[in-house]
Amino acid sequence: MAEVLFFLAGIGAIAGAVGVVALRNPFFSVLALVSHLLSLAALFLLLHAEFVAAAQVVVYAGAVMVLYVFVVAYVGGQDEPLGPRAGSGLRLVSIVFGAVLFVELCAATLGSGLQLIDTNGTAVGPGFGSPAQIGELLLTRFLLPFEVASFLLLIAAVGAVVLARRRGGLTAAEDQARYSAMDVLRPAYTGTTAEGVGGPHRLPAATAAAPAQTTPVEDA
Amino acid sequence: MTSLKIFAWLTLLAPLAGTIAIGLLGRRLPGRGAGYLGTAALALSFASAIGALVSLQGLGEEERQVVAVAWDYANTVGVDAQLSLLVDPLSVFMILVVSGVSMLIHLYSIGYLDSDRGYVRFFAYLNYFVFSMLLLVLAGNFLVLIIGWAFVGAASYMLISFWYRRGTATRAGIKAFVINVLGDVGLVLGTFFIFKHVGTLDLLGTFERSKEAFEPGNADLTAGCILLLVGACAKSAQIPLHTWLPDAMEGPTPVSALIHAATMVTAGVYLVARMHPLFELAPTAADVGAIIGCLTLLVAGTIAIAVTDLKRVIAYSTMSQIGYMFMAVSAGAYAAGLFHLMTHAFFKALLFMAAGSLIAAMAGQQDLDKMGGFRRALPFTYGCFAIGGLALAGVPPFSGFFSKDEILLLIGDRGGWYWILYVAGYVGAFLTGIYTFRMIFRAFFGEPVPEARELEQGHLHHAEVHTNPATGEVEDTDVGFPGPDHHIAEREPSMKLAMGTLALLAVVGGFLQIPKVTHVIDHFLEPTFHDSALYERHPSDGMLAFGLVLGTVVALAGIAIAYYVWVANPGLSARVRSRLAALHTVFVNKWFFDELIDALVVRPSRWFGSFAQQTFERVVVNGVLVGGTTGVVKAGSSAVRAAQTGFLRYYAALIVLGMVVIGFYFLMAA
Amino acid sequence: MDIGWYLAVSALIFTIGAAGVLTRRSPLVILLCLELMLNAANLALIAFARMHGDPDGQIFAIIVMVVAACEVTIGLGIIVAMHRGRLPIDVDELRELQG
């Protein structure tokens with residue numbers, strides 16, 4: 001029974017992965033990833049990781065993928081053009097690399113001489129992988145990583161807000177009206193490169209003088 | 001002995017202090033303050049020189065060669081570099097002449113250069129020159145000698161191109177300096193040749209060891225002495241390194257008086273006299289020196305008959321007289337040569353000063369063709385010219401007579417082929433009489449020119465537009481040009497005083513060494529030259545009498561011919577010139593030495609320089625070396641730059657490749 | 001099933017993810033492939049946890065999930081900013097690092 005479930009979930013996972021890579025439309029790739037995640041959750045269950053499987057479904061497939069769907073909807077998932085640039089050469093190379101990588105990984109893990117690889121694993125008690133155990137570990141041994149992870153989430157949230165903020169910023173007039181004491185006290189030709197080549201000058205009063213001043217610089 | 005050393009240092013350092021003081025404070029001093037300060041520094045120097053003389057004579061005969069060491073600079077690999085002075089009769093003689101005549105010339109310049117914008121600069125430079133000349137003659141080892149030699153060359157350059165906005169002046173300064181540097185090279189190489197064998201730079205040490213280190217006629221010593229002669233010829237304007245001296249007349253007249261009559265050009269004579277032990281061991285070099293001196297005195301004498309620029313006549317006369325001195329010290333007549341050096345300093349400086357006064361009366365014009373009849377207008381100047389001219393021509397009892405005849409007497413006494421030089425010397429004396437009085441008769445006799453008439457009315461002629469006397473181009477009198485005012489001796493007390501003193505010395509100076517009567521110079525210089533085989537010589541009385549009479553006759557004959565040609569028969573000189581046109585061309589063009597040097601040295605150097613720049617620099621250095629290196633670097637970097645494609649996936653592929661490789665490595669290692 | 005099978009599946013998914021990163025042009029899909037790789041790592045972690053009977057591996061996997069979530073957030077934020085700035089959503093077009 002377990003083997004059948006394993007094979008079903010495994011094939012589902014691999015099919016989903018292949019779908020992510022091969023499908024042209026990004027929206028379909030997202031859907032393939034969702035199915036991959038659900039298959040992976042099944043694999044986790046087979047490995048006695050109930051809490052992780054539940055978190056995978058709820059957090060990953062549920063929240064993160066929904067985020068992806070939103071962005072695909074906003075950005076517009078048009079079919080990816082098959083452009084000529086670095087096209088076929090890179091495809092071949094990547095497949096070769098991939099194959100080599102796969103072989104290496106298998107050699108590394110399966111050929112590593114770990115005795116327990118060929119078994120079902122050590123015997124575990126009934127509470128293994130249960131929420132109670134995970135929760136206890138998170139709040140005792142792994143308290144610091146837990147807190148740091150939450151902090152990381154906070155940073156990510158702030159970063160996302162900053163990145164997606166409307167970048168209107170200062171209007172041109174506002175931008176020029178803001179100048180500091182340094183702009184006033186600064187001697188000529190010690191400013192920005194733009195000022196040096198006759199670009200917009202920070203001080204409105206000096207804008208009239210700037211063309212006359214910068215001419216000798218250009219002559220030299 | 002300590003007081004001697006103190007006097008020697010004081011003599012040397014007073015002009016240096018003068019230079020620094022004038023350089024820093026000169027502008028703050030009112031009016032002619034810088035001039036007085038400079039003259040005071042030199043008066044102090046001269047007083048110390050007299051003090052040194054007195055102290056030296058206070059020492060016993062054997063002790064009269066004192067070395068004063070101030071500072072041991074380095075003493076490694078056998079090179080003993082010290083700041084040392086050698087105070088002995090020869091150097092005391094030289095410092096007396098140098099500081100004395102320099103003091104008088106400073107006095108003269110106080111008045112002469114009064115309106116010049118560069119007044120302060122002039123006195124600073126002049127003091128610096130005197131300091132370097134004193135350093136040269138007081139040098140106790142080759143190192144200090146070379147240093148003084150170089151300083152004198154630099155001072156000469158600064159003073160010749162004193163009116164620096166004049167193109168002719170700066171070119172003349174550069175010419176003088178380049179030829180002097182050639183002499184410097186000769187001097188330094190000669191020092192190496194000698195040092196190689198004796199192993200010390202100290203002069204007295206060198207002389208002591210020279211007898212063991214060199215057998216007579218040693219090739220290295222001869223080569224070294226000839227190289228020293230190169231240096232001496234460059235500094236003393238002997239053939240073939242003489243072309244700078246006439247051009248050096250671009251400098252102000254006091255400069256010509258000081259440097260190119262009395263002091264710098266005598267440095268070569270001093271050098272040969274100082275190195276006499278080496279020259280006596282290398283008779284070939286000494287013979288070369290004598291021949292060069294003889295040639296110079298004849299060639300310069302012939303040129304002086306033909307040129308028309310007043311100062312250049314006097315310059316060629318200087319060259320000729322130095323030829324006499326060179327001949328003398330090369331032939332072993334050291335005291336006679338140095339005696340002539342002293343008397344020549346007196347009457348030549350006097351002649352230059354008088355020439356300065358005459359040129360001022362002509363408002364800067366130096367051409368003899370335009371001068372005439374100044375006898376009534378400039379009586380004092382005329383008197384000085386006459387005294388100087390008589391001394392130069394060698395008429396008794398003026399000083400030049402005694403010194404020149406002593407030289408020729410001792411040269412004749414050498415015997416062998418030296419009698420050729422003896423005859424040449426008298427021919428030169430004849431020419432001297434002619435050209436000297438040609439100059440005097442043309443300038444002071446005959447119809448007075450307009451400038452002279454003006455001056456007789458009491459008004460000094462001023463040119464409306466100031467021009468360069470050589471090229472005639474217009475120049476202003478502000479900076480780097482002569483000042484607008486002209487000062488003649490009759491009106492400037494300082495000039496009169498200086499010229500009067502020199503005139504007196506030119507008259508009585510000869511009495512220091514009247515043959516058979518007084519031997520002041522001989523005895524004074526004896527401690528320096530006691531090791532010389534040629535010093536003590538006693539020519540026969542018959543030869544002495546013959547020489548004296550012949551000298552007088554030759555000089556008077558020269559004056560008479562000059563009178564006949566230029567005063568008694570006014571058109572005669574033009575007729576003679578047209579008859580001997582080819583000869584006149586050779587003389588007026590200075591025997592084409594300038595053209596020769598131009599063809600032999602200047603053109604090949606220019607060609608080489610332009611070749612180096614056009615071909616070598618552009619093709620080899622810029623093209624191959626610089627371009628090649630940068631090309632290689634550029635090619636390499638553009639090859640590497642190809643990896644920066646900007647494609648994200650390319651970079652990702654590289655990451656994966658890296659992972660694969662590392663994993664492979666670890667797998668293999670395990 | 002033997003643990004080895006799970007590890008083979010994990011390796012395969014990782015490889016597929018890597019090939020996807022190298023092959024696809026849309027940054028969105030590249031992020032999805034990154035997710036694949038992360039998930040493959042998670043699977044390997046859980047498998048080893050089961051093998052040793054040690055739940056630390058599962059804690060690790062949870063933390064990895066948190067990190068993946070953060071990374072997705074930022075990545076998608078960048079893609080949104082690109083879209084706002086009218087840049088083409090194509091990694092081959094964005095080549096300003098080209099030297």
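In what order do the elements of chain C run from the N terminus on?

## Chain C

In this predicted model, the elements of chain C run α-α-α from the N terminus on, and the count is 3 helices and 0 strands, where helices (H or I, at least four residues) and strands (E, at least two) are DSSP runs numbered from the N terminus. Of the 99 residues in chain C, 66% are buried, a class that means under 20% relative accessible area, with exposed meaning over 50% and partly exposed in between (1.4 Å probe, protein chains only). Among the contacts in chain C with a separation of 6 or more, 56% are between residues 24 or more positions apart, a contact being heavy atoms within 4.5 Å. Chain C exposes about 3,200 Å², and carbon and sulfur atoms supply 67% of that area; accessible areas come from the Shrake-Rupley method with a 1.4 Å probe, and for residues only the protein chains shown count as cover.

Residues are numbered from 1 along each chain as its sequence is written, while chains are lettered from A and ligands numbered from 1 in the order in which they are written. Since this is a predicted model, local features need pLDDT of at least 70 and side-chain atom pairs count only at pLDDT 80 or more, whereas totals for chains, interfaces and linings use all residues, and side-chain values use heavy atoms, with hydrogens and water left out.

## Where chain C meets chain A

Here 71 residues of chain C are in contact with 83 residues of chain A. The area buried between these two chains is about 6,900 Å², of which carbon and sulfur atoms give 74%; buried area is the accessible area (1.4 Å probe) that two parts lose on being put together, summed over both. On the side of chain C, M1(C), R24(C) and R50(C) lose the most area to chain A, together 11% of what that side buries.

Between chain C and chain A there are 9 residue pairs in polar contact, both residues being at pLDDT 80 or more; a polar contact is a pair of N or O atoms within 3.5 Å, where within protein one must be able to donate a hydrogen and the other to accept it, and residues adjacent in sequence count only if both atoms are side-chain atoms. The elements giving two or more residues to the side of chain C that touches chain A are α1 (3-23), α2 (27-52) and α3 (56-84) of chain C, with the largest share, 23 residues, coming from α3(C). By class, this side of chain C has 47 nonpolar, 13 polar and 11 charged residues, where Ala, Val, Leu, Ile, Met, Phe, Trp, Tyr, Cys and Pro count as nonpolar, Asp, Glu, Lys and Arg as charged, and the others, Gly among them, as polar.

## Salt bridges

Over all chains the count comes to 15 salt bridges, a salt bridge being a side-chain nitrogen of Lys or Arg within 4 Å of a carboxyl oxygen of Asp or Glu. Between chain C and chain A the count is 1, and there the side chains of D56(C) and R141(A) meet at 3.1 Å, N to O. D56(C) is buried, with a relative accessible area of 18%, whereas R141(A) is exposed, with a relative accessible area of 55%.

Within chain B, R32(B) forms a salt bridge with D114(B), the closest N and O atoms being 3.0 Å apart. R32(B) lies in the loop between α1 (2-25) and α2 (33-58) of chain B and D114(B) in the loop between α3 (89-112) and α4 (119-138) of chain B, so the pair ties together parts that are 82 residues apart in sequence. D114(B) counts as partly exposed, at 28% relative accessibility. R312(B) and D309(B) also form a salt bridge, with the closest N and O atoms 3.2 Å apart; R312(B) is buried at a relative accessible area of 18%, and D309(B) is buried at 18%. K175(B), D247(B), K590(B) and D594(B) are linked in a network of salt bridges.

## Chain B and its contact with chain C

Chain B has 26 helices and 2 strands, and buried residues make up 56% of its 670 residues. The contact takes 12 residues from chain B and 13 residues from chain C, and the area buried between them is about 1,100 Å², of which carbon and sulfur atoms give 63%. In chain B, G646(B), F647(B) and R649(B) lose the most area to chain C, together 48% of what that side buries.
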